[in-house]
Amino acid sequence: MTASTENTEDIIQETYIKAHKGLSSFKEESSLKTWVFAIASNLARDLLRNQKRWPENVTDICREKALSNRSFLEEMMGIRMTSEQGEFEIKEHITFCFGCVSKSLPIEQQVTLLLKEVYGFKVKEIAEIIDNTEAM
């Protein structure tokens, strides 16, 4: 979510410290995993709120840049069709693009998407982590 190794490491460290300090107050109303992810998600959201967000039209900007460079598109398709690694490279590119697009979403939606699609949390667990209802 942060796109920065340093910020990610800071969030991990702060999560560990907060979880360690608050372990005695853990009420076991959810799993320990859900509780720790809630701490990390809150810290990440706080950090992202304090940073400048990507522009809402970031997908349009990326699309225009890709379509304006015909040689790039031809090279990309050539790699996909001729290289054994082509399929992997395309999937990696799509993953990168997915990350860019997700940065244009509101922070709560970024967190929800990450928890569901990357970490495999259930909707009920995500609702607990982000302190919201399942319907949201």
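Leu73 is found in helix α4, which covers residues 70-82. Keep in mind that this is a predicted model.

**Exercise 1.** Work out whether Leu73 counts as buried, partly exposed or exposed, and list what Leu73 touches.

*Solution.* Start with the cut-offs: buried means under 20% relative accessible area, exposed means over 50%, and partly exposed is what lies in between. Leu73 has 24% relative accessibility, so it counts as partly exposed. Next, look for its partners, skipping residues up to four places away in sequence: Leu73 touches Ala66 and Leu67.

**Exercise 2.** Describe the overall make-up of the protein: its elements, its burial and its surface.

*Solution.* Begin by counting elements: there are 7 helices and 0 strands. Read from the N terminus, that gives α-α-α-α-α-α-α. Now for burial: 24% of the 136 residues count as buried.

**Exercise 3.** Find the largest nonpolar core and say which elements give two or more residues to it.

*Solution.* A general point first: in soluble globular proteins, nonpolar side chains tend to be buried together. Here the largest nonpolar core has 9 residues, namely Ala38, Leu48, Ile107, Val111, Leu115, Phe121, Ile126, Ile129 and Ile130. Two or more residues each come from α2 (32-50), α6 (107-118) and α7 (123-129). The largest share, 3 residues, belongs to α6.

Leaving out residues up to four places away in sequence, Phe121 touches Lys33, Thr34, Phe37, Leu115, Lys116, Ile126 and Ile129. Apart from this core lies another one, of 7 residues, including Phe26, Ile39, Leu43 and Ala44.

**Exercise 4.** Characterise how α2 and α6 pack: what is the crossing angle, and is the crossing left-handed or right-handed?

*Solution.* Take the axes to begin with: those of α2 and α6 come within 10 Å and cross at roughly 145°. Then the handedness: α2 passes α6 in a right-handed crossing. Who makes the contact? From α2 you have Phe37, Ser41, Arg45, Leu48 and Arg49, and from α6 you have Ile107, Glu108, Gln110, Val111 and Leu115. Sort these by class and the contact of α2 with α6 has 5 nonpolar, 2 polar and 3 charged residues.

How values were computed. Residues are numbered from 1 along each chain as its sequence is written. This is a predicted model: local features need pLDDT of at least 70, side-chain atom pairs count only at pLDDT 80 or more; totals for chains, interfaces and linings use all residues. Side-chain values use heavy atoms; hydrogens and water are left out. Helices (H or I, at least four residues) and strands (E, at least two) are DSSP runs, numbered from the N terminus. Buried means under 20% relative accessible area, exposed over 50%, partly exposed in between (1.4 Å probe, protein chains only). Accessible areas come from the Shrake-Rupley method with a 1.4 Å probe; for residues, only the protein chains shown count as cover. A nonpolar core is a set of buried Ala, Val, Leu, Ile, Met, Phe, Trp, Tyr and Cys residues joined through side-chain atoms within 4.5 Å. Contact means heavy atoms within 4.5 Å. Axes are lines fitted to C-alpha atoms, for helices over the stretch in contact, and angles run from 0 to 180 degrees between N-to-C directions. A crossing is left-handed if the near helix is turned anticlockwise from the far one by less than a right angle, and right-handed if clockwise. Ala, Val, Leu, Ile, Met, Phe, Trp, Tyr, Cys and Pro count as nonpolar, Asp, Glu, Lys and Arg as charged, and the others, Gly among them, as polar.
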